[in-house]
Amino acid sequence: MKLKKQVTVCGAAIFCVAVFSLYLMLDRVQHDPTRHQNGGNFPRSQISVLQNRIEQLEQLLEENHEIISHIKDSVLELTANAEGPPALLPYHTANGSWVVLPEPRPSFLSISPQDCQFALGGRGQKAELQMLAVSEELPYDNVDGGVWRQGFDISYSPSDWDAEDLQVFVVPHSHNDPGWIKTFDKYYTEQTQHILNGMVSKLQEDPRRRFLWAEVSFFAKWWGNISAQKRAAVRRLVGNGQLEIATGGWVMPDEANSHYFALIDQLIEGHQWLERNLGATPRSGWAVDPFGYSSTMPYLLRRANLTSMLIQRVHYAIKKRFAATHSLEFMWRQTWDPDSSTDILCHMMPFYSYDVPHTCGPDPKICCQFDFKRLPGGRINCPWKVPPRAITEANVADRAALLLDQYRKKSQLFRSKVLLVPLGDDFRYDKPQEWDAQFLNYQRLFDFLNSKPELHVQAQFGTLSEYFDALYKRTGVEPGARPPDFPTLSGDFFSYADREDHYWTGYYTSRPFYKSLDRVLEGHLRGAEILHSLAAAHARRAGLAGQYPLSDFALLTEARRTLGLFQHHDAITGTAKEAVVVDYGVRLLRSLVGLKQVIMNAAHYLVLADKDTYHVDPEAPFLQMDDTRLSHDALPERTVVQLGSSPRFVVLFNPLEQERLSVVSVLVDAPRVRVLTEEGQPLAAQISAHWSSTTDMVPHVYQVSVPMRLPALGLGVLQLQPDVEGLHTLPSSVLVYLHGLKLAVSRHDAFPVRVMDSSTSDFAISNRYMQVWFSGLTGLLKSIRRVDEEQEQRVDMKFLVYGTRTSKDKSGAYLFLPDGEAKPYTPKKPPVLRVTEGPFFSEVVTNYEHVRQVVRLYNLPGVEGLSLDMSFLVDIRDYVNKELALRIHTDIESQGAFFTDLNGFQIQPRRYLKKLPLQANFYPMPVMAYIQDAQKRLTLHTAQALGVSSLGDGQLEVILDRRLMQDDNRGLGQGLKDNKVTCNHFRLLLERRTRGSEVRDELSSSYPSLLSHLTSAFLNTPVLTLPVAGSRVSSPTLHPFRPLASALPCDFHLLNLRTLSAEEDSLPSEDAALILHRKGFDCGLEAKNLGFNCTTSQGKVDLGGLFHGLSVRFLQPTSLTLLYPLAAPSNSTDVYVEPMEVATFRLRLG
């Protein structure tokens, strides 16, 4: 009976495929007017066009005949085989390409028209200051402004304050880098603990004293080492407003290279720690040292319920313009915001630095005299050669007048009569003498100023929030509201220059090895958080919570803090000393290993059919890791599964919130292997050699690749066993081009390997969507032709090399100072090429001296097959003052416009500005960059942050690595000479615009397509393959785990499901933070035949019906970091999220 059913199903499949093929045939043969508009470069006569069509039709009929006869054969095989149906095997067509049969399930795209309206704009209130427009019209001249070199002379009349006193807040602060010149621990031991200990005693001496702190990572370490008595004193100081924790993040993060998952995570880690230990809730943001600012940060701070923020490192020409127009304080608004709900008041510091000489007013020579750490006899002095003087009764009148003059001049740059004067620098206040020198001398000055009503000034120590509160009060608005006449601003503050043409655009790429490792850790942390939360909830529901390892929560906490630490603006930036980089690397690797442990423990529990048998034995783990790293600076080595007489099982984890169809690759020790589902159904597999170089196979190691459909956030199971017949194992064919080099090439009887001396003609690999052409000489990409288009699209790749200047200022860890335009990369030897073709993927490997490129094309329907997978293994350890770049040249008419992401959260339009030097036109690219015209969009997706630009029409250019022999005079004292062999991973996606969806000229906002969002997700969240340990005598029954009962709309990203701490730091609670992001997307890019399922729901999700086998026991919307409830807990589990918004919920599952 079962067999009869299967035959009937296959018969129906034949009929469907035949109809579908004929439909495709007609669709492809039909005249498409757009194709000829776009492809009009090749005029030909009507007859030859007709002849071409007939040939196409014949070829299609032949292919159709092959498909049907192949299915017939499969049906006959099925009837003869009672064991269970084998997979329909891919096969070769007459022209040598592989055909993978279409999946039996249809794919659909159901996008609500209302959801398409968002990207068309018109909702947002236009900000008065749009940073792209400001940059386009700024002259960027560098005129000497006198004592304020980068500004102008400031004048005032003493009567300016007759109606309203000047109110001055002097804010003592100490900027503590969690790693830079010294490691985190060394800074803590030698400086930070002394600063914080001094803070407790010195603030208690006088209630008028204040102090500002930002980095919770240091504060938490210190807190763990102090007495209960001292902790109580700290809580009192926070409670009475003497001590303010600003921002409250784990670190003061870099805003260029960091991903929004990590930015949010370090903010939650800091805020949750502060709430548990201090009862403190941060109100204001403080970011004095990041090298440029992203508009993602004000959004996140506002959603965490902060109302004001401060920034400092902005291009000197922008500071000058904003100072001249009284725009240094503005409401920073997101471009999509329809009702100003994202507005946050931002204060931009006007001068060169956040140190004392550049904060009291425009003249550093005078301000330096009021930095009392520099009193004669100390270790540091004033470079302007006039030292500070201790304040006495005899000199207080003169000194106060000198200081007040600076305060008044600085005040002229702002709209209100309230003035902020920071008082601090890096690792300040580490000795009691400095506390006394600053506090006592300033108090004498304040007492004098405040005693003279005719001066119309009130001066005092203050915190940042006290300053903002006074500002709101003076301007007559509620905290967080927009003061009258303050401008609104949208956009970001990249790229940063602090003087001359010294652009800080080198750090977008510096130390790319660790930028990549950061994202690997981030992907593992997100996967571990979600799987752990689900496993713990299922264990609670089953009454087995006691068997679940509590130690896993400690591993999660450590990894959160490591990832948070690495977002610091000298860590992910690649701008720390070599020994500090090693310290970060060791921490990253330790946390990565811990997270793999968490994932394996959770996966073990969730795939077991009989949960009562769950037992964690650290000595004999149930699952093995997918790969291992021998050291923090080594590339991962994949685990080889040893096949034996009993089946080996592999558990597959899909960390995506969407179901995915992906090619899963596992290394095995036998060339003939049988792959089955957990139920024993055979699967077709592609077997290929595992290569250690372009010409050398690794002996006795083979790669088996299987297309797998995996449930959203779920686990799949595979069986592997040796297969003598090899019926379902399809070998890859290999062609090696040696280009005249005398090299031996490995061979194996399981894989046909052909060796050719050279190929001057171009060659192609193809799948169901496209044909990709490469140069026979260089092995690099040349063009892409979609199967439904006649004309190829130029996508020309080249490697380039930048040098650095010969003058005194050279490129370093921070700065990019090239010696002109890039020169072509000229290898000493021609490249060795290896072309592999198989049913599920084909790839081209091109080996040069400094870079090995792998371009892979998957032959699958859907996201996996619609883009090119590209990786570059870069090794420039013999370079001297050079940077290696990749340039992609297309015929897209981009006209100087290009688009880069900010923190993987939003897209910022850019424009190439000829008036600026080359290095000024580079921007950070954490996840993607694209160029477009009225017909096409080309997106480069990246798995690691790198610097990117578009220096010419139709071009995208990315810096892959940089090796620099000298310091660039920004305090590091080292060059970049510790380069690693680094793998940079990308996806290249070429999309067509649909007719009628014109690109808007207005450049304030842009969005990726849904396909582009999913492509980025596939690249950044690879499937994890976890083999069941081979030492087990018998394997228990394993089932796939499908956590979601219904699919999430495909414009929703489940950013995190993060188990929250109980009151005791190290223990988990039953609550989790569910963080959802609804992505903005552009519907104007073609979305037919995408091969994946996708629906949107106008922002509505029913969380109650989302999790299979679990009910929502508690649900409450909260602020981003869970410090503030936004509504009472509700019985309704329906939630609504606006486009682009990130929403946090306190959730209890059980």
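## Aromatic pairs

The whole structure holds 58 aromatic pairs. Rings of Phe, Tyr and Trp (its six-membered ring) pair if their centres lie within 6.5 Å; planes under 30 degrees apart are stacked, over 60 edge-to-face, the rest tilted. Phe-494 and Tyr-508 are edge-to-face, because their centres are 6.2 Å apart and their planes stand at 90°. Both residues lie in the loop between strand E14 (488-490) and helix H16, so the pair ties together parts 14 residues apart in sequence. Helices (H or I, at least four residues) and strands (E, at least two) are DSSP runs, numbered from the N terminus. Phe-494 is buried at 8% relative accessibility, and Tyr-508 is buried at 0%. Buried means under 20% relative accessible area, exposed over 50%, partly exposed in between (1.4 Å probe, protein chains only).

Tyr-802 and Phe-816 are also edge-to-face, 5.3 Å centre to centre with 90° between the planes. Tyr-802 lies in strand E31 (793-802), Phe-816 in the loop between E31 and strand E32 (823-824). Tyr-802 is buried at 0%; Phe-816 is buried at 2%.

## Model and numbering

This is a predicted model: local features need pLDDT of at least 70, side-chain atom pairs count only at pLDDT 80 or more, and totals for chains, interfaces and linings use all residues. Residues are numbered from 1 along each chain as its sequence is written, and side-chain values use heavy atoms, without hydrogens and water.

## Charges over rings

The charged end of Arg-937 sits over the ring of Tyr-930, 4.0 Å from its centre. Lys-882 lies over the face of Tyr-879, at 5.2 Å from the ring centre. The criterion is NZ of Lys or CZ of Arg within 6 Å of the ring centre and within 35 degrees of the ring normal.

## Cavities

The search finds 16 cavities of 30 Å³ or more. On a 1 Å grid over the protein atoms alone, a cavity is a set of points where a 1.4 Å probe fits but cannot get out; lining residues have an atom within 4 Å of a point. Points are joined across faces, edges and corners, and volume is the space filled by probe spheres set on them.

The largest cavity has a volume of about 480 Å³. Its lining has 33 residues, with His-259, Tyr-260, Ser-1016, His-1053 and Lys-1079 nearest the centre. Helix H19 gives the largest share, five residues. The second largest cavity holds about 190 Å³. Among the residues closest to its centre are Phe-494 and Tyr-923. Strand E39 gives the most to this lining, with four residues.

How values were computed: 1 Å grid on protein atoms, 1.4 Å probe; cavity = no way out; pocket = protein on both sides within 12 Å on 5 of 7 lines; lining within 4 Å.
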